[in-house]
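Dear colleague,

Please find below the sequence and structure for your review.

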Amino acid sequence: SLAEEQQTGTIELLVTRPLTDLQIILGKYFACLVLVIFALIPTLLYYYTVHQLGSPQGNLDSGAIMGSYFGLISLAGVFVAIGLFASSLTRNQITSFILATFLCFLVYWGFDFISRLPVFVGKVDDVVQMLGIDYHYESISRGVVDTRDVLYFLSTIALFIGMTVTALQRR
């Protein structure tokens with residue numbers, strides 16, 4: 001998003017508009033998130049098909065499925081925010097992709113691996129594990145939407161968008 005704008009020089013055109021940096025970043029964030037949601041919409045066909053062909057018809061846990069979709073959209077929101085942040089750090093799209101992939105991996109599974117280190121086991125391993133996305137995504141993917149998990153996703157998105165604003169202002 002931002003790396004291509006910086007490489008082609010169109011970021012100057014965008015920044016000279018009567019928009020704040022936060023408005024530009026939020027516009028790009030929601031555009032990318034809507035793109036992900038549009039990519040997920042065709043998967044609802046699978047839900048409908050299994051719902052109609054089930055024996056008896058409708059023999060599905062719809063709450064768990066809708067919770068999984070909510071968790072998937074939340075996960076996509078965090079990954080889009082991380083991708084925007086990585087894109088704001090560099091001018092090269094390939095570098096920003098690799099950085100975003102690494103950061104997404106680190107935030108998703110990294111804290112779980114770190115919590116298993118002998119230094120943390122039995123002391124603060126639960127706290128370190130709660131910093132990662134996997135801990136919060138697991139419960140939402142089962143259909144249990146807890147306010148702590150929703151707050152975690154929203155605060156992680158806000159953190160990375162804030163860091164993107166800071167990185168963009170620094171340039």
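The notes below begin with conventions and then turn to the findings.

This is a predicted model, in which local features need pLDDT of at least 70 and side-chain atom pairs count only at pLDDT 80 or more, while totals for chains, interfaces and linings use all residues. Residues are numbered from 1 along each chain as its sequence is written, and side-chain values use heavy atoms, with hydrogens and water left out.

Helices (DSSP runs of H or I, at least four residues) are numbered from the N terminus. Axes are lines fitted to C-alpha atoms over the stretch in contact, with angles from 0 to 180 degrees between N-to-C directions. Contact, or touching, means heavy atoms within 4.5 Å.

Helix packing

The axes of helix H5 (residues 62–89) and helix H9 (residues 147–170) come within 8 Å and cross at roughly 15 degrees. H5 and H9 are therefore roughly parallel (an angle under 35 degrees). On the H5 side, the contact includes Phe70, Val78, Ile82 and Phe85, and on the H9 side Phe153, Ile157 and Phe160. By class, this contact of H5 with H9 has 15 nonpolar, five polar and one charged residues, where Ala, Val, Leu, Ile, Met, Phe, Trp, Tyr, Cys and Pro count as nonpolar, Asp, Glu, Lys and Arg as charged, and the others, Gly among them, as polar.

H9 also packs against H3: their axes come within 10 Å and cross at roughly 130 degrees. In this contact, Asp21, Leu22, Ile25, Leu26 and Tyr29 of H3 meet Ile157, Ile161, Thr164, Val165, Leu168 and Gln169 of H9. Its residues divide into eight nonpolar, two polar and one charged.

Leaving aside residues up to four places away in sequence, Ile82 touches Ala100, Leu103, Cys104, Val107 and Phe160.

Individual residues

Asp21 lies in helix H3 and is buried (under 20% relative accessible area, 1.4 Å probe, protein chains only), with a value of 19%. Beyond residues up to four places away in sequence, Asp21 touches Leu168 and Gln169.

The peptide bond from Ser55 to Pro56 is cis, with omega near -5 degrees. Pro56 lies in the loop between helix H4 (44–53) and H5.

With kind regards

How values were computed
Helices (H or I, at least four residues) and strands (E, at least two) are DSSP runs, numbered from the N terminus. Angles under 35 degrees count as roughly parallel, over 145 as roughly antiparallel, 65 to 115 as roughly perpendicular and the rest as oblique. Buried means under 20% relative accessible area, exposed over 50%, partly exposed in between (1.4 Å probe, protein chains only).
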